[in-house]
Amino acid sequence: MQDSSAYCEALVRAADRDRFLAALFAPAEHRGALCALYAFNIEIARVRESIREPLAGEIRLQWWNDAIVGKAAGEVAANPVAAALLAAVARYRLPSELLTGLIAARRFDLYNDPMDKLTDFDDYAEATSSAVIDLAARILGGDGTPGLGRLALHAGLGYAIAGLLQAFPIHAARGQVFLPLEVLQRHGVQLEELAAQHATPELRAALAAMRRKAREHLAQAARAAEDIPAAARPALLPVVLVRPVLDGMERADYDPFVPVETPQWRRQWRLWRAAGRRGRIFS
């Protein structure tokens, strides 16, 4: 198990440094489980990048689903992330439906079908981003806290929208549309403009609408966080990085087809500052 934990920690440190740093603010006894959860999230999120055909991705996601529900028990020990994750599930009695729901939602990533409605995106974000926050908070002892579900929902939606907007150039380059068609059509955006990477006024208006949605979710998360115990704070810390991303996209020289990057030192500073002050996570 020690080898599995070390593997997960190294993977999260390399592939999701924000969550790795946030986990350092959690008690040492819980960090291994947090890294197992975050490593699992990395493995599922990057399936699209590691395959040539959707069928291969479907098979890989199905393996993970089987591992979680106990149908791949003989093979789990050979996978350090799966072994560490299942140990965390057993120790903290994590609901397997949140994990299998995350896997099911990520099947959307395998294809280039557009996201249809804003509610579809909300469902996707809730099953992925919000679920990770919810599970992390449960590991940290917040599972019995009233309002945790609502907090995780809105914090995850804000985090997911910011991530979507950051990844927009990558998605557009490979013909993938996570921006809901409902929002695009409302602002008169044509899909051909995305493929041609034309930053039209209509596209900018649609992206601005998504940013407003993200800020609304952050505001609702801030209200829901008032009664959350300090022990659960490390699960929420990565959300402190959402607002700088949104602010960067409000600049006059913002190009939707060029990634918005926040320097690593600034990210670390914001995480450190938010770790000790409740209101700083969502402001």
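This is a predicted model: local features need pLDDT of at least 70, side-chain atom pairs count only at pLDDT 80 or more; totals for chains, interfaces and linings use all residues.

Author: Residues L61, W64, N65, I68 and V69 in α4 meet S96, L99, T100 and I103 in α7. Sorted by class, this contact holds six nonpolar and three polar residues, with no charged ones. Helix α4 covers residues 54–69 and helix α7 covers residues 96–105, and their axes come within 10 Å of each other. The crossing angle is roughly 175 degrees. An angle over 145 degrees counts as roughly antiparallel, and α4 and α7 are therefore roughly antiparallel to each other.

Those two belong to a protein whose secondary structure comes to 15 helices and zero strands. Along the principal axes, the C-alpha trace spans about 50 × 45 × 35 Å. The radius of gyration is 19 Å, which agrees with the value near 19 Å that a compact globule of 283 residues would have.

Now for the spaces, and where does one look for them? Rolling a probe the size of a water molecule over the atoms shows where empty space is left.

The largest pocket holds about 1,300 Å³ of space. Its lining is made of 39 residues, and A45, R106, G163, Q166 and A167 are the ones that lie nearest the centre of the pocket. The largest share comes from α9, with nine residues. In terms of class, the lining of the largest pocket divides into 19 nonpolar, eight polar and twelve charged residues.

There is a cavity to visit too. Searching the whole structure turns up one cavity of 30 Å³ or more. The volume of the largest cavity is about 50 Å³. Around this cavity you will find R19, Y38, S129, V132, I133, Y159, A235, P238 and V239. Helix α8 gives the largest share of the cavity lining, three residues. By class, the lining of the largest cavity has seven nonpolar residues, one polar and one charged.

Key
Residues are numbered from 1 along each chain as its sequence is written. Side-chain values use heavy atoms; hydrogens and water are left out. Axes are lines fitted to C-alpha atoms, for helices over the stretch in contact, and angles run from 0 to 180 degrees between N-to-C directions. Helices (H or I, at least four residues) and strands (E, at least two) are DSSP runs, numbered from the N terminus. Angles under 35 degrees count as roughly parallel, over 145 as roughly antiparallel, 65 to 115 as roughly perpendicular and the rest as oblique. Contact means heavy atoms within 4.5 Å. Ala, Val, Leu, Ile, Met, Phe, Trp, Tyr, Cys and Pro count as nonpolar, Asp, Glu, Lys and Arg as charged, and the others, Gly among them, as polar. On a 1 Å grid over the protein atoms alone, a cavity is a set of points where a 1.4 Å probe fits but cannot get out, and a pocket is an open set with protein on both sides within 12 Å along at least five of seven lines; lining residues have an atom within 4 Å of a point. Grid points are joined across faces, edges and corners, and a volume is the space filled by probe spheres set on the points. The radius of gyration is taken over C-alpha atoms; the globule rule is 2.2 Å times the number of residues to the power 0.38.
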